[in-house]
Amino acid sequence: MSDIFLRILPFFLVIGCGYLAAAFRYFSSEATDWLSRFVFYFALSAMLFRFAATLPLPDIFDVRFALAYLSACGSLYILVITVGLVRGEGLAVAALESQCAIIGNTGFLGLPMLVALLGNAAAGPVLLTLAIDLIVFSSLVVMFITVSREGRFSLTSVLRVLGGVIRNPMVVSISAGIIWSAFRLPLVGPFDAFLELLAGAATPAALFAIGASLAFHKAGRIGISLWLAGAKLVLHPLLVAAFAILVFTVDPFAAGVMIAAAAMPTAGNIFLLANHYRVAEARVSSVILFSTCASIVTLSLAISLVPNQ
């Protein structure tokens with residue numbers, strides 16, 4: 001575990017660099033937003049497309065893997081949303097709390113870190129967990145918030161959510177890469193070099209943006225935030241391990257990657273969602289901050305348990 005800790009430490013040092021840059025006002029909130037946009041729309045999209053385009057479809061999609069991840073996430077989602085409703089929170093807040101507990105920073109942090117530490121074989125499992133997060137659970141939380149606001153479930157709301165999913169750059173880049181791979185199209189020299197160059201900027205820029213964004217987060221409802229951070233860093237990987245290993249008997253390496261992906265801290269884009277709908281912003285901000293700081297330990301443990309490919 002100590003070896004893994006030392007290997008992931010540079011990733012967190014870049015996050016810390018971004019935090020200090022923003023904390024000392026060398027990097028503004030607006031600059032952080034623009035850097036995140038660059039990563040989201042260009043660098044990370046290039047990385048996702050390149051991985052998807054160069055992997056055979058069976059390396060990306062595995063039915064047992066998908067069912068294990070969906071079952072684990074669904075179980076935790078139901079638990080956290082139930083706890084929120086029992087505490088007297090509205091449906092919108094409870095849904096956002098559930099989102100904090102199951103959606104990790106898989107795109108900005110998980111993919112580059114796990115591929116760097118575990119090799120390209122980790123790319124397929126990480127891409128599948130990311131796709132499920134984006135298509136299933138990111139849609140689900142918007143639907144819950146919409147129902148909470150409008151008091152009903154309408155076809156218009158569903159179409160609006162689906163439109164958002166279809167336009168998501170990460171969904172577009174993964175889908176385009178899978179289609180490219182399915183037709184066995186080559187990535188010719190200059191185009192591949194372009195993608196590699198652009199994708200190379202994703203890891204440092206994403207890590208720096210994560211750190212800078214943390215400097216602008218404010219604490220709120222500490223007790224609840226700690227519960228949600230614990231659910232994300234402890235309950236989520238444990239449930240994933242139970243379903244992947246005991247129920248669906250997923251390939252050991254793929255299961256290990258799935259567990260490591262589940263150990264990622266809460267995704268920063270959940271705060272953008274909370275901010276957009278004006279729901280539990282300070283609470284979501286705290287969960288992101290706490291889970292990111294604590295994940296250096298949980299990630300070290302989770303990654304150290306991944307068997308060799």
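This report describes selected residues, contacts and salt bridges of a predicted model.

Residues are numbered from 1 along each chain as its sequence is written, and side-chain values use heavy atoms, with hydrogens and water left out. Because the model is predicted, local features need pLDDT of at least 70 and side-chain atom pairs count only at pLDDT 80 or more, whereas totals for chains, interfaces and linings use all residues.

## A network of salt bridges

A salt bridge is taken here as a side-chain nitrogen of Lys or Arg within 4 Å of a carboxyl oxygen of Asp or Glu, and by this rule the count comes to seven. Side chains of opposite charge can pair when their charged atoms come close. Among the residues involved, Arg-87, Glu-89, Glu-97 and Arg-283 are linked in a network of salt bridges, and its pairs are listed below.

| Salt bridge | N to O distance |
|---|---|
| Glu-97 and Arg-87 | 2.7 Å |
| Arg-283 and Glu-89 | 3.1 Å |
| Glu-97 and Arg-283 | 2.5 Å |

The elements named in this report are DSSP runs numbered from the N terminus, helices being H or I with at least four residues and strands being E with at least two. The bridge between Glu-97 and Arg-87, with N and O 2.7 Å apart, joins helix α5 (residues 91-102), which holds Glu-97, to the loop between α4 (63-86) and α5, which holds Arg-87, the two residues being 10 apart. Burial is judged by relative accessible area with a 1.4 Å probe and protein chains only: buried means under 20%, exposed over 50%, and partly exposed in between. On this scale Glu-97 is buried, with a relative accessible area of 2%, while Arg-87 is partly exposed at 34%.

The bridge between Arg-283 and Glu-89, at 3.1 Å, has Arg-283 in helix α15 and Glu-89 in the loop between α4 and α5, so the pair ties together parts that are 194 residues apart in sequence. Both Arg-283 and Glu-89 are buried. Arg-283 also forms a salt bridge with Glu-97, the closest N and O atoms being 2.5 Å apart; this pair links helix α5 with helix α15 across 186 residues.

The side chain of Ser-300 reaches the backbone oxygen of Ile-296 at 2.6 Å. With contact defined as heavy atoms within 4.5 Å, and with residues up to four places away in sequence not counted, Ser-300 touches Met-1, Ile-4, Phe-5, Ile-8 and Ser-295.

In soluble globular proteins, nonpolar side chains tend to be buried together. A nonpolar core is a set of buried Ala, Val, Leu, Ile, Met, Phe, Trp, Tyr and Cys residues joined through side-chain atoms within 4.5 Å. The largest such core in this model has 112 residues, of which Ile-8, Met-113, Val-250, Leu-299 and Ile-303 touch the most other members. Met-113 is in contact with Ile-8, Phe-11, Phe-12, Met-264, Leu-299 and Ile-303, again without residues up to four places away in sequence.

Met-1, which lies in the segment before α1 (2-23), belongs to a nonpolar surface patch together with Val-297, Leu-301 and Leu-305, with about 410 Å² of accessible area together. Such a patch is made of residues with over 30% relative accessible area and no salt bridge, nonpolar side chains (Val, Leu, Ile, Met, Phe, Trp, Tyr) being joined within 5 Å and like charges within 9 Å. The accessible areas come from the Shrake-Rupley method with a 1.4 Å probe, and for residues only the protein chains shown count as cover.

## Other helix and loop positions

Arg-278 is exposed, with a relative accessible area of 59%, whereas Ala-280 counts as partly exposed at 22%.

Ser-139, in helix α7 (residues 123-150), counts as buried at 6% relative accessibility and, leaving aside neighbours within four places in sequence, is in contact with Leu-134, Val-161 and Val-165. Ala-209, in helix α11 (residues 202-214), is also buried, at 2%. Leaving aside neighbours within four places, Ala-209 is in contact with Thr-32, Leu-35 and Ser-36, and the C-alpha atoms of Ala-209 and Gly-268, 59 residues apart along the chain, are separated by 9.8 Å.

Definitions and conventions:
Polar contact = N/O pair within 3.5 Å; in protein donor to acceptor, adjacent residues only side chain to side chain.
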